[in-house]
Amino acid sequence: MARQGVKRKAGTEAPPRGMPAQPKARTRTNDPDRTRADILEVATHEFSEKGLSGARIDEIAERTRTSKRMIYYYFESKEGLYRAVLEDCYRRIRDIEAAQDLAGRPPLEALARHVRFTFDHQLTNTDFVRLVMVENIHKGEHIARLSRTQQEGMAAIDTLRSIVERGIREGVMRRDLDPVDLHMSISALCFFNVANRHTFSTIFKVDMASPGATAARRESVTEMILRYVAP
């Protein structure tokens, strides 16, 4: 029989007889850190939108082009992935806080900068706000197991304590300030702007998401805190 002279296109050569064709390599699996980061990114949105009970590992796997087996390899369980998401979100905000160079600024300026940073972070990280709400539905059950996250949270209190101590020494802040209470007040004012924007806007017919309203609220929150700490 005459040999056929059909040419194959480059990249489509048939494997040797008896050897199965090799599937295309999944480059993500060759970069464990990237794969883990991709899973965390997608899972953050899934958990924030659907909660712990509503999120599905199948959907997270599909959106990251990986497998359930790979997710369980990295995080052991859905609850383990959820805790990793919480830990990652809190770590990122603490890392940014630590880079604010507040120690080199006058105390009132440092405090104002911290308030504006907190406001902006909540505004641009709505997934984080929703995740905090989800974890509060679970009564803090999972964050209670994250000792590192708790320790990092105390670092934020130490930053405020340093600002307050400097403010008291310079006579620009009152002496009975509690850094934990101050942190709670700042968080509450900034958190509300995102957590309650839809209900508040609907009931009171205001557009809390407009640039003008957002800028005005940002400065209002900052002024409230500065007035609160005044001697």
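Helices (H or I, at least four residues) and strands (E, at least two) are taken as DSSP runs and numbered from the N terminus. The structure is a predicted model, in which local features need pLDDT of at least 70 and side-chain atom pairs count only at pLDDT 80 or more, whereas totals for chains, interfaces and linings use all residues. Residues are numbered from 1 along each chain as its sequence is written, and side-chain values use heavy atoms, with hydrogens and water left out.

The protein chain holds 10 helices and 0 strands, and its pattern along the sequence is α-α-α-α-α-α-α-α-α-α. Of its 231 residues, 37% count as buried, where buried means under 20% relative accessible area, exposed over 50%, and partly exposed in between (1.4 Å probe, protein chains only). Contacts are defined by heavy atoms within 4.5 Å. Among contacts between residues at least 6 apart in sequence, 70% join residues at least 24 apart.

A straight helix of 23 residues would span 33 Å at 1.5 Å a residue, but α1 spans only 27 Å between its end C-alpha atoms; the expected span is 1.5 Å times one less than the number of residues. A bend of about 80° is found in α1 at Ser48, the bend being the angle between axes fitted to the seven residues ending at a residue and the seven starting there. Ser48 is also among the buried residues of α1, a set that includes Thr35, Asp38, Ile39, Phe47 and Leu52. The cover over the buried residues of α1 includes α2 (57-63), α3 (68-75), α4 (78-98) and α6 (126-137).

Two loop residues other than glycine have positive phi values. Arg65, in the loop between α2 and α3, has a phi near 55°. Arg65 counts as exposed because its relative accessibility is 56%. Glu76 is located in the loop between α3 and α4 and has a phi of about 75°. With a relative accessible area of 70%, Glu76 is likewise exposed.

Helix α4 also contains Glu97, which counts as buried at 12% relative accessibility. Beyond its neighbours within four places in sequence, Glu97 is in contact with His114, Phe117 and Ala156.

The largest pocket has a volume of about 640 Å³. Of the 22 residues that line this pocket, Tyr90, Arg94, Ile143, His183 and Ser187 are the closest to its centre. Two or more lining residues are given by each of α4, α5 (107-124), α6, α7 (147-169) and α8 (179-195). The lining divides into 10 nonpolar, 9 polar and 3 charged residues; Ala, Val, Leu, Ile, Met, Phe, Trp, Tyr, Cys and Pro count as nonpolar, Asp, Glu, Lys and Arg as charged, and the others, Gly among them, as polar. On a 1 Å grid over the protein atoms alone, a pocket is an open set of points where a 1.4 Å probe fits, with protein on both sides within 12 Å along at least five of seven lines, and lining residues have an atom within 4 Å of a point. Grid points are joined across faces, edges and corners, and the volume is the space filled by probe spheres set on the points.

Arg227 lies in helix α10 (residues 211-229) and counts as exposed at 62% relative accessibility. Arg227 and Met173 are separated by 54 residues in sequence and by 9.4 Å in space, C-alpha to C-alpha.
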